[in-house]
Amino acid sequence: MTRIACFFVPMFPLAARLRSEPALLQEAVAIVEGNGANAHVIAATRRARTKGIRPGLSLAQARSILPKLIARARDAECERTAQEALFEVAETFSPRVEDAGEGVVYVDVTGMERHYRERTSDNRQPTTGNTFQSELRMARAAMQSAEGVGLPARVGIAASKLAARVAAELPKAPTIVEAGKESEFLAPLPLTRLSPQLDAASTLTRWGIASIGDLAGLPESEVASRLGELGRELHYAARGIDPRPLIPKPMPPEFREGTDLEWPLVALEPFLFIASAALDRLSKRMEMQGFACTRLELTLGLEPDGFYSRAIDLPAPTRDVKTMLTLLRLDLEKTPPGAPVVSFALVAHPDRPRRTQLSLFGPAALSPEKLATTIARLVSLLGDGRVGMAMAVDGHLPERHAIGAYAPPPPPVTRRKPEKSHGILGVRVFRPALAVEVITRETEGDTQITAVHGEGDVCGNVRVASGPWKVEAGWWSDAPAAREYWDVELDRGGVYRLYQSGADWFVDARYD
Amino acid sequence: VRSGAELIRHISNHERTDIIPTTLDALDTLLGGGLQRGKLVELVSRRAAGRFSVVLSALAAATSIGEAAALIDLGDHFDPQLAEANGVDLRRLLWVRPRTVKEAVMSAEMITATGFQMVIVDVGLHPLRGRRAPDAAWVRLARTAEAHGTAMLVSAPYPLTGTACEAVVKGTFSTPRWLGRGQSPRLLQAIDLHLSLEKHRHMRPGATAVQPLLAWEGVDARRQTSVVVPASAQPRSVVESTSRRVAEGASPTEAHQSLPAVNPSKTRRLDDSKTPQATHQPLAASRSTTRRPDDFNTLTRTPRPINTRG
């Protein structure tokens, strides 16, 4: 039999707002809908409710009761990201998830209770315990997961969506409705549980029907003849029959977090403080799905209108909040938005983190995730193009070089002996080459370098000179290079590589 | 382990594998086998050449056994082509190019904490870029290396790490050796690097060694292709000029005409579109004598695959 779990977040607009602003959790906060005189409270925290703030009060009434009430407008961005987070939590339990909106998500958990059976004493084999206890354990785990993303969700499990929804709305969560006992479960509940916006409630009340069980006890045909198709559907629902199938929805391809700000921000630090919390939530959501961020998009809403978008490509997939925040800071410092910020949205494009298998006998391999994080932090510290894998480049000019993404191959399975070094004399390349003044002595047809005058140690009389060697490269291009190279040993020490290009002399390397 | 002998053998084997040799005999002898994992070794030389060659050899040795290595290249001096020719597996090498000493130390600490088994910090030539890092930063770096078992080498023109290092090896001086005498053309053959052990926590300092470093013709393909024998050494008219004077006063045509005359028959144009074997003919080979490569007092031209990339 199909088993449906319903995730339900009571007072969803408030829960979504508190998720974005956790500092308000202990405050008297009310979520307000509407503007001006039409503004009215739709949800309030426990602290506000104890002072008498109830949904439906106008903002002026609420403030007269509690002057220190913190009022927040309903934030569509917050609610959207909270709904996505709830969806992702549900998706960790089963791939068949339906997004019903407004803090409600249905999951098909048929057969999933087997993973939550009680273990034997040695914690190896699951026992063949009863299904009810397993589902209860699963529901508790689901509530805990939702708590992890900052949403106080309740969970109900039943055979139909309707029964699961009603079970989730009950205060003593989690509630498990055993298979085939949906009608018994619903019978004592008031009719308002069936559907809060029930149009036929007043009619049924006049008939003397107070509970769902009373309605289920009536003959179906009689109810249908008096209330029409709505009556038939109500009767089915009262008996725990829900003909609506679960309609799974694929998970969104990216992770999104954002919020509207209470007042415009003009400084970077306060914005980064808020963005850090959003990145932290993004990181947790991606971790839950086993993803890491490979591209981070930032959209800022500006005052009075307009948007400012930036995209940051991360050098490697990572979930490290500090790294992403540093990259964000550097990017905004480099290109500030130019106007006060009133809202923001962060979109993380996920990718699978790099995985590798460690060797038992060979050299230790680097953890791909740690490596990716380190490279991202190094890039944020040093800038683009300063960290990576050095690559040999085809060509003839000695200063050529390239740098690419660092992705080392796995280490050998067994330890090897190091290869004997060639013991070759290395060169320190100067990038860019140092311009120097060279004193030459020309005989007929011959040039002898007698002295080099440059900065620092690159100065002195030439003890030995060797050359020239001609290099001509890229003669077909717009920037041809025709050089004559010399090796010179200076009397102050050091052997340098010089070249003459046109009339100018440069030192491009030191033998070191 | 059942006996004391087995225990000693086990510890000995363990200690031996805890060293990554640089495969440069002189340096390995001074350091008791090579760079010890978890320790920071400092290589210092201001005037003596050869410090960067030691860095390349250490990287080649570490990458050849499959370890991930990192080079913190403060001076941006690294030449990938030369390193590859020297045996460095570039795929296993992380090349980091900081701008200041502070950035270099921070980068080294991050990389060490990631698990790299060989980290080399080359701070370049004198003068250093940026201010010196405080001693506490080097101590923290040494502790990070110890915690992660990383063999760390700091290559600097003068001592930087203070008390944080396990050993200090100083390049006291270097002597270049040139081929050719009298009026004949010269060719750089090798540089002998004289090393001395200045400090070691477990060995007596003061030991010295000489490490010959060979100038390989493959270092630069121009040697293969366009070694030009300078004209005869009989000066007839001597004109002394400076490049600055040429640059300011002479036209490019005149400057070109003032370049030293070369024998066209002995120069080759390096051209990608030309046949590659054109770069495989060392012009200087005909005038050199090939001898055994282990005899450093003679010309050493071992037959190696020639780097056609130049």
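Start at B:Ala49, which is found in the loop between β3 and α3 of chain B. Helices (H or I, at least four residues) and strands (E, at least two) are DSSP runs, numbered from the N terminus. This is a predicted model, in which local features need pLDDT of at least 70 and side-chain atom pairs count only at pLDDT 80 or more, while totals for chains, interfaces and linings use all residues. Residues are numbered from 1 along each chain as its sequence is written, chains are lettered from A and ligands numbered from 1 in the order in which they are written, and side-chain values use heavy atoms, with hydrogens and water left out.

**Stop 1: around B:Ala49**

Is B:Ala49 buried or exposed? B:Ala49 is buried, at 1% relative accessibility. Here buried means under 20% relative accessible area, exposed means over 50%, and partly exposed is in between (1.4 Å probe, protein chains only). Now show the contacts, meaning heavy atoms within 4.5 Å. Not counting residues up to four places away in sequence, B:Ala49 touches A:Arg510, A:Tyr511 and A:Asp512 in chain A. In chain B, B:Ala49 touches B:Ser174, B:Ile191 and B:Leu193. Then select B:Thr175. B:Thr175 is 126 residues from B:Ala49 in sequence, yet the C-alpha atoms are 8.3 Å apart.

**Stop 2**

Colour the strands next. An open sheet of 10 strands runs β14(A)-β13(A)-β5(B)-β4(B)-β6(B)-β7(B)-β3(B)-β8(B)-β9(B)-β10(B), with mixed pairing. Two strands pair if DSSP finds at least two bridges between them. Look at the edges: β14 (402-404) of chain A and β10 (208-214) of chain B each have a single partner strand, so one side of each is left without a neighbour in the sheet. From one strand to the next, the twist averages 30 degrees. Axes are lines fitted to C-alpha atoms, for helices over the stretch in contact, and angles run from 0 to 180 degrees between N-to-C directions.

Zoom in on β9 (residues 187-200) of chain B. Seven bridges pair β9 with β10(B) in the antiparallel sense. Pick B:Ala190 and its bridge partner in β10(B), B:Leu214.

**Stop 3: chain A and its helix α1**

Switch to chain A, which has 13 helices and 20 strands. Of its 512 residues, 49% are buried. Among contacts between residues at least 6 apart in sequence, 59% join residues at least 24 apart.

Select helix α1 (residues 12-20) of chain A. Nine of its nine residues are buried, so α1 is largely enclosed by the rest of the structure. Among them are A:Phe12, A:Arg17 and A:Arg19. What do the buried residues of α1(A) pack against? They pack against β2 (29-33), β3 (40-44), β4 (70-73), α4, β9 (255-265) and α11 (268-289) of chain A.

**Stop 4: aromatic rings**

Display Phe, Tyr and Trp. Nine aromatic pairs turn up over all chains. Rings (for Trp, the six-membered ring) pair if their centres lie within 6.5 Å; planes under 30 degrees apart count as stacked, over 60 as edge-to-face and the rest as tilted. The centres of A:Phe7 and A:Phe93 are 6.3 Å apart and the planes stand at 50 degrees, so the pair is tilted. The pair links distant parts of the chain, 86 residues apart: A:Phe7 is in strand β1 (residues 4-8), and A:Phe93 is in the loop between α4 (76-91) and β5 (97-101). Both residues are buried.

Two charges deserve a click. The charged end of A:Lys249 sits over the ring of A:Phe87, 5.8 Å from its centre. In chain B, B:Arg97 lies over the face of B:Trp95, 4.8 Å from the ring centre. The cut-offs are NZ of Lys or CZ of Arg within 6 Å of the ring centre and within 35 degrees of the ring normal.

**Stop 5: a hairpin and a buried glutamate**

Go to β5(A) and strand β6 (residues 104-108) of chain A, which run antiparallel and are joined by four bridges. A:Asp99 has A:Val105 as its bridge partner in β6(A). Two residues lie between the strands of this hairpin, where A:Glu102 takes a positive phi near 55 degrees.

Finish at A:Glu135 in helix α5 (residues 131-148) of chain A. A:Glu135 is buried, with a relative accessible area of 3%. Leaving aside neighbours within four places in sequence, A:Glu135 is in contact with A:Arg3, A:Glu113, A:Ile157 and A:Ile176.
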